[in-house]
Amino acid sequence: MAIKVLELLIMQIISKAKKYTQRVEEEPKKSEVLALAKTPDREVKAPEEQIPDRPKKSALVAKYPRLEEIHEKLQQQNKAIFQKEQMLGNLEIELSDCKGILKGKKRKELQAQMAQIKSQIEPMKYRLADIAKEYGYPNVKAFLVEYQKAKAEYVDYIQASENWDRQYGKGEKSMSINAKLKQYEQEVKQRESNRTQVQKNDRGAR
């Protein structure tokens, strides 16, 4: 009887030991499941687009504003020469219509005016070359070659900058290239006109 009781006790101890071992083995598995459940899914980020640098001004583009001012001076001088040549042309027409013995005095007056205008036109044309030389150019043609090249590069720079702004900037609307050029040229003309007016006033005051 005592042996059976002992065997029963041993069986109970072995059974409890198995249950304890099974529970110990299951605990890590439950922890792993909980850990997996708590781990948030990692967001897969798309690679960021590399934004290129904004277009930079070349040396010639940076020089363009100054070239535009020189060009405006040449334009104004050329305009003044054209006006004198128009006056000369009108006098020539008037002289050709002035015929007859009684109009001899009138013809002399017209010829004197024409001679005076011709004497003014020649130095005005030399002044064109002098303006170019004042800024380091051998002649007007050499200046115009660089001016046209600078203007073309300036237009390309503005176009590239506008494209960059549309693609990578704030997307703000901007004026067209032609509008910007016209606005800039108008500003240069206005500055040059104001400077010329000041010079005339200074000469008048003397």
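Reader: Hi! Quick one to start: what is the relative accessible area of Pro52?

Author: Hello! The value is 37%, so Pro52 counts as partly exposed (buried means under 20% relative accessible area, exposed over 50%, partly exposed in between, with a 1.4 Å probe and protein chains only). Bear in mind that this is a predicted model, where local features need pLDDT of at least 70, side-chain atom pairs count only at pLDDT 80 or more, and totals for chains, interfaces and linings use all residues. Residues are numbered from 1 along each chain as its sequence is written, and side-chain values use heavy atoms, with hydrogens and water left out.

Reader: Thanks. Where does Pro52 lie, and what does Pro52 touch?

Author: Pro52 belongs to the loop between α1 (2-38) and α2. Not counting residues up to four places away in sequence, Pro52 touches Trp164 and Tyr168 (contact means heavy atoms within 4.5 Å). The C-alpha atoms of Pro52 and Trp164 are 8.7 Å apart, although 112 residues separate the two in sequence.

Reader: Let me zoom out. How many helices and strands are there?

Author: The protein chain has 5 helices and 0 strands, which gives the pattern α-α-α-α-α along the sequence. Helices (H or I, at least four residues) and strands (E, at least two) are DSSP runs, numbered from the N terminus. Of the 206 residues in the protein chain, 20% are buried. Among contacts with a separation of 6 or more, 72% are between residues 24 or more positions apart.

Reader: And the confidence? What pLDDT does the chain average?

Author: The average pLDDT is 78, and 59% of the residues score at least 70 (pLDDT is the predictor's confidence in each residue, from 0 to 100). Where pLDDT is low, the predicted coordinates should not be read in detail.

Reader: How many residues does α4 have, and what caps its N-terminal end?

Author: α4 covers residues 140-168, which makes 29 residues. From first C-alpha to last, α4 reaches 41 Å, close to the 42 Å expected at 1.5 Å a residue (the expected span is 1.5 Å times one less than the number of residues). The cap is Asn139, with a side-chain oxygen 3.3 Å from the backbone nitrogen of Lys141. A polar contact is a pair of N or O atoms within 3.5 Å; within protein, one must be able to donate a hydrogen and the other to accept it, and residues adjacent in sequence count only if both atoms are side-chain atoms.

Reader: What about Tyr64 and Tyr154?

Author: Tyr64 and Tyr154 are stacked too, at 4.6 Å centre to centre with 25 degrees between the planes. Both Tyr64 and Tyr154 are buried. Tyr64, Tyr137, Phe143, Tyr147 and Tyr154 form one aromatic cluster.

Reader: Switching to the core: how many residues are in the largest nonpolar one?

Author: It has 26 residues, and Leu67, Leu74 and Phe143 have the most contacts inside it. A nonpolar core is a set of buried Ala, Val, Leu, Ile, Met, Phe, Trp, Tyr and Cys residues joined through side-chain atoms within 4.5 Å. Leu74 touches Leu128, Ile131, Val140 and Phe143, leaving out residues up to four places away in sequence.

Reader: Last one: is Gln77 buried or exposed, and what lies by its side chain?

Author: Gln77 is in helix α2 (residues 59-97) and counts as buried because its relative accessibility is 16%. A polar atom of the Gln77 side chain lies 3.0 Å from the backbone oxygen of Met124. Neighbours within four places in sequence aside, Gln77 is in contact with Met124, Arg127, Leu128 and Ile131.

Technical notes:
Rings of Phe, Tyr and Trp (its six-membered ring) pair if their centres lie within 6.5 Å; planes under 30 degrees apart count as stacked, over 60 as edge-to-face and the rest as tilted.
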